[in-house]
Amino acid sequence: MIRIRELYRLQNLKGLRLIAGQKGLERTVTAAVLFEYDPSRMQLADFYRGDLVVTTLAYARSDEQLMTQSLLALMNQGIAGLLVKTAYFSELPHSVIGRADELGTPLFLFDDTYIEEVILEVTDLIRGKRHFAGFEKELDALMRGELTPEQARERAARIDPSGEGAYLVCALYPRERMPELDGKLYALLCSDASAAHRLVVMEWRRMMLMLCRLEAGEGEQTAQEEILALLARAQIPQDRLLIGLSRAREDQTALGIALSEAVYAARAARLEGRSCMSAQELGLYAWLFPMSENAFVCEQCRRSLASIRAYDAQNHAALEQTARVYVREHMEVGAAAKALYQHPNTIRYRLSKIQRLMDMEGDALFEPMLCLLVSLSRILGEEDRGGA
């Protein structure tokens with residue numbers, strides 16, 4: 001089964017829009033059922049609680065009274081929700097909308113998509129074939145940060161239609177291939193109504209991203225503990241995951257930032273050899289990860305590294321090692337010399353060579369740029385080895 005709000009994952013469902021019954025978005029759907037006959041000649045007993053009824057209302061065509069009576073009867077029958085294709089009616093009567101709101105029966109309109117495709121897609125989703133896929137385009141657009149507030153709000157609403165209250169994002173980054181991760185999370189949400197209400201889970205590249213709604217007065221630390229407890233209930237070994245957590249947010253337009261924070265925190269945890277990291281702990285990584293997504297910056301970094309490595313190869317030197325140790329030792333020549341078992345003057349000589357290779361002789365910004373080069377190269381090296 002799925003929750004009705006998960007219909008927003010169906011990328012091929014054109015123009016899906018909720019017009020009534022928002023309070024029923026957490027209802028479960030057990031089947032997608034076609035309704036294309038005249039109910040005045042047949043009984044509605046074949047429709048059950050849990051059915052998502054899909055119709056074009058072709059049987060009613062221009063008969064608004066028949067259409068109204070049939071939709072009211074369906075909702076009174078206790079179905080989970082209604083999907084109406086706008087082939088014959090572009091809008092529905094106020095009495096139908098009002099009853100849907102009263103009963104909490106989600107009522108959607110959609111355009112163009114073949115009704116058979118809708119039935120198949122919903123059925124595939126119910127069977128778990130797609131689990132948490134379907135939000136990639138929204139996630140990419142939100143994290144690029146190029147949307148207007150209105151566009152960001154619209155993309156966020158597709159992911160989280162309720163859009164109410166505070167939330168944070170958690171990124172689960174498997175240390176190694178973990179194909180059972182989405183299946184275990186899916187099974188948990190199907191069996192745990194509380195978790196299903198709090199979480200929206202999405203697959204993105206090698207990660208699973210979880211939007212976690214916060215209870216009133218709940219802090220980030222408590223939410224983190226709840227997420228760890230959820231993973232334990234799902235029997236997911238935490239030692240096989242890297243976990244990144246965003247700051248708490250309330251504004252839906254900030255969802256893109258929260259997503260990026262969680263992803264960066266998980267990647268930083270990998271680089272730092274930690275199992276979990278929060279956005280507050282990112283430090284310099286908060287600047288480095290966005291820079292690593294800029295092609296010009298990456299090209300400059302790789303070019304400088306190539307010059308240093310070429311010098312090392314030709315002269316059997318150790319400039320790159322010296323640079324990394326020097327940065328690690330907080331730009332202190334004495335500490336770097338001790339770590340490398342070298343005389344301080346040897347370290348100074350190597351640094352001058354690096355300065356020349358970076359075209360920064362006499363430049364007061366050499367040290368911060370060296371720190372940037374070394375730190376950014378770690379991220380690029382991780383990506384080159386197949387990281388997220």
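This is a predicted model: local features need pLDDT of at least 70, side-chain atom pairs count only at pLDDT 80 or more; totals for chains, interfaces and linings use all residues.
**Exercise 1.** Determine which residue in S12 is the bridge partner of Gly244, and state the handedness of the β-α-β crossover from S11 to S12.

*Solution.* Step one: Gly244 has Met277 as its bridge partner in S12. Step two: from S11 the chain passes through helix H9 (residues 255-272) to reach S12, and this β-α-β crossover is left-handed.

**Exercise 2.** Identify the sense in which strand S8 (residues 167-174) pairs with S11, and the residue opposite Ile243.

*Solution.* Step one: S8 and S11 are joined by five bridges in the antiparallel sense. Step two: the residue that stands opposite Ile243 of S11 is Leu172.

**Exercise 3.** Decide whether the two faces of S11 are covered or open.

*Solution.* Step one: S11 spans residues 241-245, and five of its five residues are buried. Step two: assign them to sides, with Leu241, Ile243 and Leu245 on one and Leu242 and Gly244 on the other. Step three: these residues are all buried, so by the cut-off of under 20% relative accessible area both faces are covered.

**Exercise 4.** Describe the packing of helix H11 (residues 295-315) against helix H14 (residues 344-357).

*Solution.* Step one: the two axes come within 9 Å and cross at roughly 130 degrees. Step two: H11 is therefore oblique to H14. Step three: their crossing is right-handed. Step four: Ser307, Ile308 and Tyr311 of H11 meet Tyr349, Lys353, Ile354, Arg356 and Leu357 of H14.

Key. Residues are numbered from 1 along each chain as its sequence is written. Side-chain values use heavy atoms; hydrogens and water are left out. Buried means under 20% relative accessible area, exposed over 50%, partly exposed in between (1.4 Å probe, protein chains only). Helices (H or I, at least four residues) and strands (E, at least two) are DSSP runs, numbered from the N terminus. Two strands pair if DSSP finds at least two bridges between them. A crossover is right-handed if, with the strands pointing away from the viewer, the path from the first strand over the helix to the second runs clockwise. Axes are lines fitted to C-alpha atoms, for helices over the stretch in contact, and angles run from 0 to 180 degrees between N-to-C directions. Angles under 35 degrees count as roughly parallel, over 145 as roughly antiparallel, 65 to 115 as roughly perpendicular and the rest as oblique. A crossing is left-handed if the near helix is turned anticlockwise from the far one by less than a right angle, and right-handed if clockwise. Contact means heavy atoms within 4.5 Å.
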